[in-house]
Amino acid sequence: MNQKSSRIRGHNTGPQINNDKLYKFAYSTEVLIDRGKGSPKESTGCRISSGVDVNLVWRNPNNDDDQLIKIAITDVTLDNVTERPAAKNIFKGKNTDQVIEKDYLNALKRPVVLQWTFGKVKNFYTYENEPAVIQNLKRGLASLFQIQLTSAVIREVDVSGKCNVTYQVRENQVTKIKTLNSCKLQRTGFTSHHQTSSPNFLQLLDVSKKSTSATIYVLEDTFIKSVRAEENHILTLNADRTIDTKVVSKQKLELKSTEAGPGPMTAKQAISVIKALDSNYVAVSLEAVPVNHECKNCPTLSEQWKTIRKRLEPENLSKADAVRGFMSFIQDLRKATQEEILQILRSESNVKLLPQLVDAVTAAQTTDSLKAMLDFLDFKNKSESVLQERFLYACGLASHPNELLLRSLINIYHNPIGNSEIRETVVIMMGALIRKLCNKGDCKLPAVMEAKKLIFGGLNRAEKANDIKVYLLALKNALQPEGVPLLLKYAESGDGTISNVAISALQEYDHSYITSEVKKTMNRIYHQNRKVHEKTVRTTAAAIIFSNNPSYTEVRNILLSIGELPLEMNKYMLSLVQDILHFEMPASKMIQKVLKDMFIHNYDRFSKMGSSSSFSGYLMRSPDMSSTYSFDILYSGSGILRRSNTNFFIFNKYSHLHVNQVVIEAQGLESIIAATADEGEENLESFAGMSAMLFDVQLRPVTFFHGYGDLMSKMFSATGDSMSVVKALMLLIDYSQVIQLQSGLTCSTEFQGGFSIDVSGGMEFSLWYRESKTNVKNRGALVVVGNIAVDSSFVKAGMETSSETEAALDFIFTVQFSQYPFLVCIQMDTCESPFRQYVTKYESLPSGKSYVSRKGKVKLLASSEYPLHQENSNMCRKVFNEQPDSSDSWF
């Protein structure tokens, strides 16, 4: 304890109340709710005003500073917190007894007794079985009497909990500064947990909270003359600081008069006085207790589902209204029982709606909702694989998973599963849950330890290539340090897709895990020191080296290799270096340093032809957050697509999030045109497929065709119809906290961000026109809502602030193989999309009388075609018979 010598002049002990006096105070407490920078005149909220009578009941005969004081609330009134016309004033024409139920009002007026010792509330006596909200209001008033007359930094208990408090004393004034983030008070709540590049910093999809509290006391004649207290809470969404809320709570206690009052009672001990006053008095903690608000005449879960189910039909998923309905229904599900949820699941007859219902039930993340899902799904039934997969993806993308969820997946794995692809998805999603739980500091939980053992053990025992790939994908999701050695092993010694998956997993690790040993292995893979590797593996190894503080020698050796590589790999590596320089990535300075050497930086080395490329650009830039895209495409020497890799990131100055990745891979297609395969790829089986990551979670890859026979069948029967890669509703932002205000009222805060996505892809071949088209369609909507509300049972006030958008992004790959080299055109297009923002403020009474203010703005975001590299633009002009641009450069 840091004690200082400052004291109130003339006081060597604590404040004291005079005998035979009745102190009459005016008391008011008010709550204002608004945007972070909103004007007080536009705030919503309410004010409770009353009289407060205080008198001495007993003084310890052995210690004048040990007193019992009685505090009684009188003449309660309710009003708006801001001036408002009569038509918009919900309290106009309402008496207090018409707003506050009789039982509540009587309880509020029943006096409390404080044992007040040296200015500290040693005991708080009130009546049992009073409504929690009423007891908390009394605690808020009683906490104003928690004071000391010497400067110090201490731990103190009041209505906010046990908090760090700083007292500053000057003449007859005491200032109390409470550090609200130090307060310990049992409350339920949660927030999103997402992997970031720097977990110690603010997370992109989380909420920042800043709170302050100050109370100023003025004393006169050994007692309190006035108290003014104010606390502020500002909550802001890290990803979009326009989604913010502010709550201001004020208390004012002023002495108006003193008059003759009852004399103190005579007794040796305080407890005997309490019993004499009223045997029903009990001592309770000054800390606030949770308040549960029962919803009266609220619709049932079944009725709520009927109102929103149409919005969740598959054709509506890309609309913001679908996401709003999804988030609203989650709130209802969180209040529902297992039986109620199970009834909804079993009674829904529309099979097209069931996947969206599964998304919502799983995203609710309550024990009842999880038990209902496990009871509903039969994993032995192959015909339910769509619902099973949606459930598993929703588990992997859960905003705040717990051990029970991971334990459930482990149990599913150990029981019969009818569909082998579902078993694979179970393992892959286990990895995602391991990472999220470890990010919360729960790596030592029994379920986490068991899941790790299952994945590592399964990988060590796996013999089939597909089984190995599945466990490697689980390691990619888990991103645990102990996974690095295994990934290195399979990256360097594995073949085909195994090596690809292992090295792509290493690419997702934080820089701190890319040690010198990892970089040595990446250099060996790129330069093929031990064995020949596929181009896709070598280029990923180079990307890992460039992304992790490359040395001068590493960069020099990679640049020296350009010109000696296979044709398309040459072009790809050149494009990758150009992109690093153009986008000013961290490795650009070292590359510029190496390029000063004219032996390396010369026309012969950097003028190789080809179609492969690597390009990055900005989708959006703002003070709070930026979004980037990267597009890599690698062809085989025969001009056939080998791999395309599209990535989207959002980031701020603290962290980044891998929003989406879509990888299309093809191999062994040279037989179509009787071409020769590249080195190291002579024996690859014909294959094409797509893999996706969503918000740092790797999903199970899908296959377009596998094997020459399947390829020819697809070529002759291809219609261009899309194959769904992922279709889902997700809860990305999920923040819920209860703020205990000093007045005794509670403020509930909720931020939710919902996202709908529909990613599909299709390949269309035409041997007649010697052309192929691959189309990857991304459709979705994003809705973010911030809610803050104060509910005292007799009046409710709050604000909702929201933003929403709908978007469509298409990738179109057109390949004309009527000539050699092939003509390849890549297009990345967005459609015109709406962006809407709303702010709604409201006040309401139980009688139904309410006030609502709603403001908003809507704008259209123009459609656009995002730029890629110059060679692609020239190629597209040839494909579509347009005139080429005269500008072109090799560097």
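1. Thr-175 lies in strand S9, which covers residues 173-184; helices (H or I, at least four residues) and strands (E, at least two) are DSSP runs, numbered from the N terminus. With a relative accessible area of 15%, Thr-175 is buried, where buried means under 20% relative accessible area, exposed over 50%, and partly exposed in between (1.4 Å probe, protein chains only). Leaving aside neighbours within four places in sequence, Thr-175 is in contact with Thr-166, Tyr-167, Gln-168, Thr-215 and Ile-216, contact being taken as heavy atoms within 4.5 Å.

2. On the basis of the model: this is a predicted model, in which local features need pLDDT of at least 70 and side-chain atom pairs count only at pLDDT 80 or more, while totals for chains, interfaces and linings use all residues. Residues are numbered from 1 along each chain as its sequence is written, and side-chain values use heavy atoms, with hydrogens and water left out.

3. For the protein chain as a whole, the secondary structure comes to 24 helices and 28 strands, and the C-alpha atoms fill a box of roughly 110 × 65 × 55 Å, taken along the principal axes. Of its 891 residues, 57% count as buried. Among contacts between residues at least 6 apart in sequence, 68% join residues at least 24 apart.

4. The next points concern helix packing. Two packed helices are described by the angle between their axes and the distance between the axes. Here the axes are lines fitted to C-alpha atoms, for helices over the stretch in contact, and the angles run from 0 to 180 degrees between N-to-C directions.

5. Helix H11 (residues 403-414) packs against helix H12 (residues 420-439) at an angle of about 155°, and their axes are 10 Å apart. H11 and H12 are therefore roughly antiparallel to each other, given that angles under 35 degrees count as roughly parallel, over 145 as roughly antiparallel, 65 to 115 as roughly perpendicular and the rest as oblique. Their crossing is left-handed, a term that applies if the near helix is turned anticlockwise from the far one by less than a right angle, with right-handed used if clockwise. On the H11 side the contact is made by Glu-403, Leu-405, Leu-406, Leu-409, Ile-410, Ile-412 and Tyr-413, which meet Arg-423, Val-426, Val-427, Met-429, Met-430, Leu-433, Ile-434 and Leu-437 in H12. By class, this contact of H11 with H12 has 13 nonpolar, no polar and two charged residues, where Ala, Val, Leu, Ile, Met, Phe, Trp, Tyr, Cys and Pro count as nonpolar, Asp, Glu, Lys and Arg as charged, and the others, Gly among them, as polar.

6. H12 also packs with helix H13 (residues 446-461), at an angle of about 140° and with the axes 10 Å apart. That angle makes H12 oblique to H13, and the crossing of H12 and H13 is left-handed. Val-427, Met-430, Gly-431, Ile-434, Leu-437 and Cys-438 in H12 meet Val-448, Ala-451, Lys-452, Leu-454 and Ile-455 in H13. The residues of this contact of H12 with H13 divide into nine nonpolar, one polar and one charged.

7. Ile-410, found in H11, counts as buried at 0% relative accessibility, and, not counting residues up to four places away in sequence, Ile-410 touches Met-430, Ala-447, Glu-450 and Ala-451. Met-449, found in H13, is partly exposed, with a relative accessible area of 43%, and under the sequence exclusion of up to four places Met-449 touches Cys-443 and Lys-444. Helix H18 (residues 535-546) has 12 residues, which at 1.5 Å a residue should span 16 Å, and its end C-alpha atoms are 17 Å apart, which agrees; the expected span of a helix is 1.5 Å times one less than its number of residues. Of the 12 residues of H18, 12 are buried, so H18 is largely enclosed by the rest of the structure. The buried residues include Lys-535, Arg-538, Ile-544 and Phe-546.

8. Two loop positions deserve a check of the backbone. Asn-129 has a positive phi of about 65° although it is not a glycine; Asn-129 is found in the loop between strand S6 (120-127) and helix H3 (132-142), and is exposed, with a relative accessible area of 80%. Glu-584, likewise not a glycine, has a positive phi of about 55°; Glu-584 has its place in the loop between helix H20 (567-582) and helix H21 (588-594), and is exposed, with a relative accessible area of 67%.
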